[in-house]
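Here is a short briefing on one protein chain. Look at the model first, then work through the points by topic.

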Amino acid sequence: GMVLTVVVAVLTSLALVGTQGVLATHQPADKVVASGSKLAVVGPGDEVPILTATLRSTNVSDLILGVSLECAILTQLTTGPNAVDGVDQALAQGKVLVWVEIDGQIVPINSVGGESQPGDESDKVTFCDREYQRKVSDNEDPADGQDTEEDYIRTKAANAFNWIHLNVGRGVHEIVVKATLTERVEGAAVAEALIGNRTLVVEPAKLANDATV
């Protein structure tokens with residue numbers, strides 16, 4: 001199909017294909033802002049900005065930040081022909097981590113007592129992750145080698161997560177959604193992580209003074 005063709009075409013690039021945003025050129029004050037993109041991002045392994053938005057706030061406010069995206073993992077394993085002493089194994093893993101930064105600081109998942117402190121690595125959310133491993137052994141006597149076995153698996157789903165940032169100050173704020181798409185392989189294997197269609201919606205709100213999230 002068309003989607004499979006796109007995935008296969010980008011497998012060799014392992015790079016950012018593009019980030020196309022839908023974003024107003026002005027910053028209306030205290031309004032919901034949103035951005036979106038259809039261009040694919042394919043496992044570069046480093047931090048990649050996948051969505052951006054600009055918010056102008058005239059008052060101190062709380063922000064609800066919702067990120068939704070299509071996440072795909074591809075794995076392929078081959079075992080048998082590379083057996084050593086009758087044993088062959090292969091592993092393929094793809095993983096997508098996503099987080100939000102406001103003015104260069106990671107938005108935390110947990111905020112206590114009406115304040116949000118800068119987040120860290122633990123505030124990055126796994127949107128998809130698959131690890132596929134297979135080991136084959138020749139247990140026949142006498143050993144006659146391994147037949148070849150090859151598997152190809154690709155999954156795609158839309159996932160979402162909401163972050164809450166409390167007491168964001170007045171002024172213009174740059175909001176960036178970032179991701180890392182990583183692959184790990186051992187033996188005769190292929191792994192790929194991909195982000196497809198995606199949206200960011202930022203909604204100013206006024207939560208309770210003692211809000212804990």
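Glu 131 counts as partly exposed, at 44% relative accessibility. Here buried means under 20% relative accessible area, exposed means over 50%, and partly exposed lies in between (1.4 Å probe, protein chains only). This is a predicted model: local features need pLDDT of at least 70, side-chain atom pairs count only at pLDDT 80 or more, and totals for chains, interfaces and linings use all residues. Residues are numbered from 1 along each chain as its sequence is written, and side-chain values use heavy atoms, with hydrogens and water left out.

**Salt bridges**

- Glu 131 and Arg 184 meet through their side chains in a salt bridge (3.5 Å, N to O).
- This pair links distant parts of the chain: Arg 184 is in strand β9 and Glu 131 in strand β7, 53 residues apart.
- A salt bridge is a side-chain nitrogen of Lys or Arg within 4 Å of a carboxyl oxygen of Asp or Glu.
- Arg 184 is partly exposed, with a relative accessible area of 33%.
- The structure holds nine salt bridges.
- Lys 124 forms a salt bridge with Glu 47, with the closest N and O atoms 3.9 Å apart.
- That pair also spans the chain: Lys 124 sits in the loop between β6 (105-106) and β7, Glu 47 in the loop between β2 (41-42) and β3, 77 residues apart.
- Lys 124 forms a salt bridge with Glu 121 too, at 2.9 Å between the closest N and O atoms.
- Lys 124 is buried at 12% relative accessibility, Glu 47 is partly exposed at 45%, and Glu 121 is exposed at 57%.
- A network of salt bridges links Glu 47, Glu 101, Glu 121, Lys 124 and Lys 178.

**Gln 93**

- Gln 93 lies in strand β5 and counts as buried, at 16% relative accessibility.
- Its side chain makes a polar contact with the side chain of Asp 129 (3.4 Å).
- A polar contact is a pair of N or O atoms within 3.5 Å; within protein, one must be able to donate a hydrogen and the other to accept it, and residues adjacent in sequence count only if both atoms are side-chain atoms.
- Not counting residues up to four places away in sequence, Gln 93 touches residues including Glu 131 and Arg 184 (contact means heavy atoms within 4.5 Å).

**Nonpolar cores**

- Nonpolar side chains tend to be buried together in soluble globular proteins.
- A nonpolar core is a set of buried Ala, Val, Leu, Ile, Met, Phe, Trp, Tyr and Cys residues joined through side-chain atoms within 4.5 Å.
- The largest one has 31 residues, and Leu 65, Val 67, Val 96, Val 98, Phe 127 and Trp 163 touch the most other members.
- Strand β4 gives the most to this core, with six residues.
- A second, separate core of six residues includes Leu 77, Ala 90, Ala 92 and Ala 191.

**Strands and the whole chain**

- The protein chain has one helix and 10 strands.
- Helices (H or I, at least four residues) and strands (E, at least two) are DSSP runs, numbered from the N terminus.
- Seven of the 10 residues of β3 are buried, so β3 is largely enclosed by the rest of the structure.
- Nine bridges join β3 to β9, and the two run antiparallel (strands pair if DSSP finds at least two bridges between them).
- Buried residues make up 41% of the 213 residues in the chain.
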